[in-house]
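This report describes a protein model for a reader who is new to structural work. Please keep the sequence and the three-dimensional view at hand while reading.

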Amino acid sequence: MSISVFDLFKVGIGPSSSHTVGPMKAAYLFVERMRSEGTLGRVAGVRCELFGSLGATGHGHGSVKAVVLGLAGEQPHLVDPVGADPLVQAARASGRLRLGGQHEIAFAVDDDVVLHRRKRLEFHTNGMLFVARDAGGAEVERREYYSVGGGFVLDEDEAGRPVLVPDATPVPYPFTTGDGLLEITERTGLRISDVMLANELSWRTEEEVRSGLLHIWSVMQECVAHGSKTTGTLPGGLKVRRRAAALKERLETEADDRDPLRAMEWVTLFALAVNEENAAGGRVVTAPTNGAAGIVPAVLHYGAMFLDGFDDDAVVRFLLTAAAIGILFKENASISGAEVGCQGEVGSACSMAAAGLAEIIGGTPQQVENAAEIGIEHNLGLTCDPVGGLVQIPCIERNAVGSVKAITAARMAVRGDGRHHVTLDKAIKTMRETGADMKDKYKETARGGLALNIVEC
C-alpha cells in the first residue's frame, strides 16, 4: 500500500484540491527544487503555464492565486486564508514577488501565469509548466507538474510510474482491491478500520495516528462552525448567497421533534456550511477532494449529533474506514473531476462516507463494502460541470445530496446481510470506464452541462 489516510484527508484551502491545492503545491515544489540545487539566487523571472482543465477553469478555481502563493513559499495546509488575497494583490500591484519568501524577482501576475484554455499536456489534463530564467534570459529550471486529484501532485519524473505515491515501506496488510481487503478481514477477523490502522502503524505510532485524525476532525468542526455563521455572497461573480447560517437559525428556532426527516436537514446544513467555506477560499479538509469536501464532515456531524455512543474512537474508526475505500478509488480509477467527472469526487466521497458510517454503526466488513458500493453505484455518470468554472453551482448542493445518500447507503447496507450482486470493485471499474467515455466538456472544463446552459450574471 502506498497511500496513507493522511494522503486522503489533508488540511488545505478552497475552492479546489486539484485546481487550487495542487497548483500551490507544484509552485512551492518548483521553488524548493531550485533552493535545494542552489540556483534560486540566479532567478530573475518565472513563468507558469496552466493547461487542460486548469487552463479552462483556472480563474474560477483560484489557480492563478494558488500559483502566486506557492511561488511565494506558502503551502496549502499552512497558508492563512485571510492573508492570501492581500499577498496576491500586493504582487499584482507592485510587479514584484519574493520566491520562497526570500528572493525577490520581477513578476507580472497576469502575464507570467498563462492559462491555455484549449491545450493540454499529454500525461494528464491538469498539467503545469514552470520555467525560471536568469537576467540574460537563459533557463535556470524547467519542470512539468500534474495535479491528479485530491491535492496529489506528480512531477514529470513521477508521471510515468505505476503508483501515484511511491513508498517502499512494507505494510502488514497490503491491498489494492475491495475483494482483497475483504479477504484480509475474513482471514484475520479484523474490521476494515483495524486493517487500516495496522498499516498506518508502519509510518507512525498509534498515538500519532489518533491525534492526527482527531486534528482532521477538529478542522472539519471548525469549518462547519464558521460556515454556519457566515452570511453574504460568495466570490466569483455569480452572486450565490450563503445559505448555511440562515438554515441553522431556522433549525434552531423552529424545532419540531415530530419531523422524522429533521436529521437530514441538519446533514444538509453541515454540508452546505463546508462547501460554502470551500467556495469562499476558506480552510477545509480534502475528503478526498475540495469539491466533495462537505460529505465526510456532514456524515461525521450526523454521527456526533444523532448516534448514541459517538466518541473520539468512532471518529478514528470512521476516517480509517473511509480512507480504505478512498485508496481503492485512487488505485483503480480516479478522484479527479477533470479526469472522470464528478463521479470521481462526490461519488467517491459518498462511497467513503457510507463505508465509514456503516463501520461505526456496527456493520460487518461485508456490509461496509456493500455500503461503499451503493454509494458509488448511484453516482455513476455524474458530470463535473461547474457554472463559470466556480465550485458553487451545482457543487455546493451536490454535496448536501451526496451526504444524505451516503447515510441512506450505510443504513441500507447494515440492514442487509452484506450479500449483493455488484461488488465495489466492479462499480469502481465501471466508474473508471464511464469517465473514459465521458466527453471532455463534462469533466471540469465549464464547457458543457449546467455550465453551458446557465447564464452567468
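**Overall form**

The model is predicted. The protein contains 19 helices and nine strands. Its radius of gyration is 21 Å, close to the 23 Å that the globule rule gives for 457 residues, so the protein is as compact as a globular protein of that length. Taken along the principal axes, the C-alpha atoms fill a box of roughly 70 × 50 × 45 Å.

Of the 457 residues, 57% count as buried. The accessible surface comes to about 18100 Å², and 50% of this surface belongs to carbon and sulfur atoms. Among contacts with a separation of 6 or more, 76% are made by residues 24 or more positions apart.

The largest pocket has a volume of about 420 Å³. Its lining is made up of 22 residues, and His 59, Gly 62, Lys 65, Asp 85 and Pro 235 lie nearest its centre. By type, the lining residues divide into eight nonpolar, eleven polar and three charged. The helices α4 (63–71) and α5 (81–94) each supply at least two residues of this lining. The largest share, four residues, comes from α5.

A search of the whole structure finds one cavity of 30 Å³ or more. The volume of the largest cavity is about 130 Å³. It is lined by 14 residues, and those nearest its centre are Gly 291, Glu 345, Cys 384, Val 391 and Cys 395. Seven of the lining residues are nonpolar, three are polar and four are charged.

**Helix α4**

The helix α4 was named above as a contributor to the lining of the largest pocket. Nine of the nine residues of α4 are buried, so this helix is largely enclosed by the rest of the structure. Among these buried residues are Ser 63, Val 64, Lys 65 and Leu 71. Lys 65 is also one of the residues nearest the centre of the largest pocket. After α4 comes Gly 73, whose phi is positive, near 100°.

Val 113 lies in strand β5 (residues 113–115). With a relative accessible area of 5%, Val 113 is under the 20% cut-off and is therefore buried. Residues up to four places away in sequence aside, Val 113 touches Cys 48, Leu 50, Val 64, Val 67, Phe 107 and Ala 108. Leu 50 is 63 residues from Val 113 in sequence, and their C-alpha atoms are 7.6 Å apart in space.

Thr 185 belongs to helix α7 (residues 178–188). It too is buried, with a relative accessible area of 5%. Not counting residues up to four places away in sequence, Thr 185 touches Leu 190, Arg 191, Ile 192, Val 195 and Pro 365.

Ile 407 is placed in helix α17 (residues 395–415). At 2% relative accessibility, Ile 407 counts as buried. Neighbours within four places in sequence aside, Ile 407 is in contact with Met 264, Val 267, Val 299, Tyr 302 and Leu 357. Ile 407 and Phe 9 are 398 residues apart in sequence, with a C-alpha to C-alpha distance of 20 Å.

**Backbone details in the loops**

| Peptide bond | Omega |
|---|---|
| Ala 287 to Pro 288 | about 0° |
| Ile 393 to Pro 394 | near 5° |

Pro 288 is found in the loop between β9 (283–286) and α12 (295–306). Pro 394 is found in the loop between α16 (365–377) and α17.

The loop between α18 (424–437) and α19 (450–453) holds Glu 444, and Ala 446 is also found between α18 and α19. Glu 444 has a positive phi of about 60° although it is not a glycine. Ala 446 likewise has a positive phi, near 60°, in a residue other than glycine. Which of these is buried and which is partly exposed? Glu 444 counts as buried, at 4% relative accessibility, whereas Ala 446 is partly exposed, with a relative accessible area of 22%.

How values were computed
Residues numbered from 1 in each chain as written. Predicted model: local features only at pLDDT ≥ 70, side-chain atom pairs only at ≥ 80, totals over all residues. Heavy atoms only, no water. 1 Å grid on protein atoms, 1.4 Å probe; cavity = no way out; pocket = protein on both sides within 12 Å on 5 of 7 lines; lining within 4 Å. Points joined across faces, edges and corners; volume = space filled by probe spheres on them. Nonpolar A, V, L, I, M, F, W, Y, C, P; charged D, E, K, R; others polar. Rg over C-alpha atoms; globule rule 2.2 N^0.38 Å. Buried < 20%, exposed > 50% of the residue type's maximum accessible area, 1.4 Å probe, protein only. Contact = heavy atoms within 4.5 Å. Areas by Shrake-Rupley, 256 points an atom, 1.4 Å probe, with all protein chains shown as cover.
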